[in-house]
Amino acid sequence: MYYIGVDGGGTKTTFTMIDDRGYKVAQYTTTTTHYEQVGFDGVKEVLTKGLNKLIEISNIEKSDVKSAFLGLPGYGEVKSVAYEIDSIVAEIFESIKFKVGNDVEVGLAGSLAGKSGINIVSGTGSIALGKDINGKTIRCGGWGDYIGDEGSAHWIGKKTIEVFSKEADRRITRGMIYKTIKEKLNIDDDFEIIDYVLNNIKKDRTQVAQFSKICFESAMKNDKNAIEIFDEAGYELSLLVKMIINELEFNDEIMISYSGGVFKSEDLILNPLKKYLNEYNIKLVKPILGPDMGACLLAYKLTNKEVENSFIENMVNNLECSLA
């Protein structure tokens, strides 16, 4: 039998299939499944295509798939939205046993291979989820770009644009952000950035998030204002973790893992995160499994009461082989 995990995000969605030993047999990556960006019709189209692609790549029958877990962005925040998405998934997956959750759930399941701890997701948006030693879970953040998503790529991108305007006015010292944005956007008049953001990219959250790359490049060149943005991002993400620690019960050492594009900046975000969490006995660990494999693990758990250590080992070893 086979199991499907779906890791949805604000930028892309990854569909992964494993067998009953934990080995990956097929994978397909496509665009976002965030209903705010593509609408419910778009969600249905992406999920339908993703499932069909996995069946095609693996060369199996749909009836051979035993269960699926879908971690989708924005799910669980609005009841009417959750109901609509559940209906869409039920129609597409038909006889396959399934469960839909938020994308942070698959991040936690993968990053700590199902063990207790906290996972921070900082991609286009930001959210954190913790599971304690009693199995109780709680989430923090995930309010969306209009209200929150502090420390996310969109938030960093917006802060980068904000710094550009301050540097343009000479309210703060001009640095790499000002220079790089002018070069990349081919701007002569500083005010052209207003037209670019409002009319060219129409404030699209994914496009705004792309400015976080400029912030990263500038910070890597020791730009003071860019480094301060990452420091503030680390502080904002630490607040998510603190809330969860204070609400749940953990052992002496708290395992904290992470996923999402912002963490590709590594020490630029991890160092300030550790700094603002220094009052706690935490251990930052690289994800054991990716969120796509975390989704597969949750899919497997839907129909299997026990997960053997050998199953997790196969998932980990399979992941290492696929990245080699």
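Keep in mind that the model is a predicted one.

E1 has pairing partners to look at. With strand E2 (residues 12–19) it runs antiparallel, joined by seven bridges, and glycine 5 sits opposite threonine 16 in E2. Three residues separate E1 from E2, and the two strands form a hairpin. With strand E4 (residues 65–72), E1 pairs in the parallel sense over six bridges; here tyrosine 2 faces valine 65.

## Salt bridges

You will find 13 salt bridges in the structure. One of them links arginine 205 to aspartate 149, with 3.6 Å between the closest N and O atoms. Arginine 205 belongs to helix H7 (residues 205–209) and aspartate 149 to the loop between strand E8 (137–141) and helix H4 (153–169), so this pair ties together parts 56 residues apart in sequence. Both arginine 205 and aspartate 149 are buried.

Another salt bridge joins glutamate 228 and lysine 224, at 2.8 Å between the closest N and O atoms. These two residues are four apart in helix H9 (residues 224–247), which means about one helical turn separates them. Lysine 224 counts as exposed because its relative accessibility is 57%, while glutamate 228, at 41%, counts as partly exposed.

## Helix H11

Buried residues in H11 include Met293, Cys296, Leu297 and Tyr300.

Methods
Residues are numbered from 1 along each chain as its sequence is written. This is a predicted model: local features need pLDDT of at least 70, side-chain atom pairs count only at pLDDT 80 or more; totals for chains, interfaces and linings use all residues. Side-chain values use heavy atoms; hydrogens and water are left out. Buried means under 20% relative accessible area, exposed over 50%, partly exposed in between (1.4 Å probe, protein chains only). Two strands pair if DSSP finds at least two bridges between them. A salt bridge is a side-chain nitrogen of Lys or Arg within 4 Å of a carboxyl oxygen of Asp or Glu.
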